[in-house]
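Please read it with the sequence and structure in view.

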Amino acid sequence: METISKNAINHGNVVDLTHEGHGVIKIDRYPIFVPNALIGEEIEYKIIKVKKNFAIGKLLQVVKPSEHRVEPPCKYYWKCGGCQLQHMTYEAQLAMKQSQVINLFHRKAQFTDTTIHKTVGMDNPWHYRNKSQLPIGTDKNGQAVMGYYRQRSHDIIDMDSCLIQDGIHQDIMNHVKQWIKEYHISIYNERTKSGLLRHLVIRTGYYTDEMMVIFVTNGKHFRDASILVEKLKQTFPNITSIKQNINNSHSNVIMGQQSITLYGKDKIVDQLSDTTFKISDQSFYQINSSQTEKLYQKAIEYAQLTGEETVLDTYCGIGTIGLYMAPVAKHVYGVEVVPSAIKDAQQNATLNGFENTTFVCGKAEEVIIKWKQQGIRPDVVMVDPPRKGCDETFLQTLLKLNPKRIVYISCNPSTQQRDAQILDTQYELKEITPVDMFPQTTHVETVALFERK
Ligand code: SAH
């Protein structure tokens, strides 16, 4: 007999997966969430927490495994907070992401006529991250450690490899860790807020060989900078830029506002299709370049541009989407809140020889009102907000601007679904394509097409 009480050991069949990739077992419709269990599996589990509306179980044994269960290839997988889906075949990961979008839009909201396509995946879903942000700390013996945080904690797992980073990043990480030990370089302590080195950030161009290494420091004085710079230059001659970023804050924000170039160029260059992008250390840039191309291709397809359209690129970052569209649009207006990113966007427009773009720094919800007052009448609006989605005033102004089409890219389908309900008064949500920007993790990215009713 199955019981719902703490420490009870039960058998059950997994009938669903949550958006966090946890298996769902039901006892008389009451759900028990079991991390690491897969849909279709028969398992033995122990109940470790009981709440009013759900319980949490711990997987003890897989009695009958799913055909989609695989051995996670990474040796840190069971402790690291970076990946959540390595115990699942890639095919199952893609299916799970599509189901999540279907759940949100077809079941929880009334978008039953919207076509939700299969998730666009990668041929090789490993080593895709062009940016690594590695916390640096010390173990209990005072030795330098570097890697990613343990699940739900700020303990750093000392790693020598990571299967989702660009391969060169792990070589750099391992060398830098060695030099920190060898030259006794001061390391930041999150608890006492003292010490110097906080993070190592590495960025690589996907279609160029450019590489940027950033040392994030607590304070400006960086006595051993020259040692690290010399060592890096000797060992990795391909590095095009070495920077120091100063972060004196006591928060979890990784980078501070001020950066200093220690060696080489102050920006990194990458290329997507025929467009070249210069990227500052503090600007947002999509971390999976080959999937970004697929995402933007889909966005262009949805925008259906003929060369005659006025396009708004809202939440534009360094202007990647707008610049991608500039050759097939009449004029592109971009807005972004981070000043260095908008500077990058302006320079990137010049770099690519576009004269039909205007990039403005500010909050999308405020700038869009000004554009409306200036009489700008967009035909197509691209929307690509952060996880929290769009501000309501932004959406209300968008409705007043009344473009023919809205193409909404989202890294959080649940806020996208909330926003879609506001647009629904005037727009039909035609289709959504999930694109897998973050294989092995539960993150889902989508691109949605809204057409004026
Ligand atoms: N479209 C870009 C960036 C998307 S990420 C790309 O594909 O690369 C979301 C961007 O929104 C970030 O650059 C972030 O700085 C910016 N942002 C966040 N809040 C904003 C706001 N209220 N107004 C304008 N931009 C904002």
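Two strands are said to pair if DSSP finds at least two bridges between them, and the elements themselves are DSSP runs numbered from the N terminus, helices being H or I of at least four residues and strands E of at least two. This is a predicted model, in which local features need pLDDT of at least 70 and side-chain atom pairs count only at pLDDT 80 or more, whereas totals for chains, interfaces and linings use all residues. Residues are numbered from 1 along each chain as its sequence is written, and side-chain values use heavy atoms, with hydrogens and water left out.

**The sheet of eight strands**

- An open sheet with mixed pairing is formed by eight strands, in the order E7-E22-E23-E21-E20-E17-E18-E19.
- Its edges are strand E7 (115-116) and strand E19 (357-361), each of which has a single partner strand, so one side of each is left without a neighbour in the sheet.
- Within this order, strand E17 (residues 310-314) runs parallel to strand E18 (residues 331-336), the two being joined by five bridges, and Leu312 has Tyr333 in E18 as its bridge partner.
- Helix H8 (residues 392-401) packs on the sheet and touches E17, strand E20 (380-383), strand E21 (405-410) and strand E22 (427-435), its direction making about 165° with that of E20; contact here means heavy atoms within 4.5 Å, and the angles, which run from 0 to 180 degrees, are taken between N-to-C directions of axes fitted to C-alpha atoms, for helices over the stretch in contact.
- Helix H9 (residues 413-423) lies across E21, E22 and strand E23 (445-452), and runs at about 160° to E21.

**The sheet of seven strands**

- A further open sheet, also with mixed pairing, consists of seven strands in the order E10-E9-E8-E11-E12-E13-E14.
- Strand E10 (156-158) and strand E14 (258-264) are the edge strands, each pairing on one side only, and neighbouring strands of this sheet are on average turned by 30° against each other, direction ignored.
- Six bridges pair strand E12 (residues 211-217) with strand E13 (residues 241-246) in the parallel sense, with Met212 standing opposite Ser241 in E13.
- Helix H3 (residues 225-235) packs on the sheet, where it touches E12, E13 and E14 and makes an angle of about 45° with the direction of E14.
- Helix H2 (residues 167-182) lies across strand E8 (131-138), strand E9 (144-149), E10, strand E11 (197-204) and E12, and runs at about 150° to E11.

- Strand E1 (residues 9-13) pairs with strand E5 (residues 42-50) in the antiparallel sense over five bridges, and the bridge partner of Asn10 in E5 is Tyr45.
- E5 also pairs with strand E6 (residues 55-64), antiparallel and over eight bridges; Ile47 stands opposite Gly57 in E6, and E5 and E6 form a hairpin with four residues between them.

**Around the ligand**

- The ligand is surrounded by 17 residues, the closest being Gln286, Tyr296, Glu336, Ala364 and Asp384, where a residue is near if one of its heavy atoms lies within 4 Å.
- An oxygen atom of the ligand is 2.7 Å from an N or O atom in the side chain of Glu336, while nitrogen atoms of the ligand are found 3.0 Å from a polar backbone atom of Tyr315 and 2.8 Å from a backbone N or O atom of Ala364.
- Helix H5 (320-325) and helix H7 (364-373) are the elements that give two or more residues to this shell.

Key: Polar contact = N/O pair within 3.5 Å; in protein donor to acceptor, adjacent residues only side chain to side chain.
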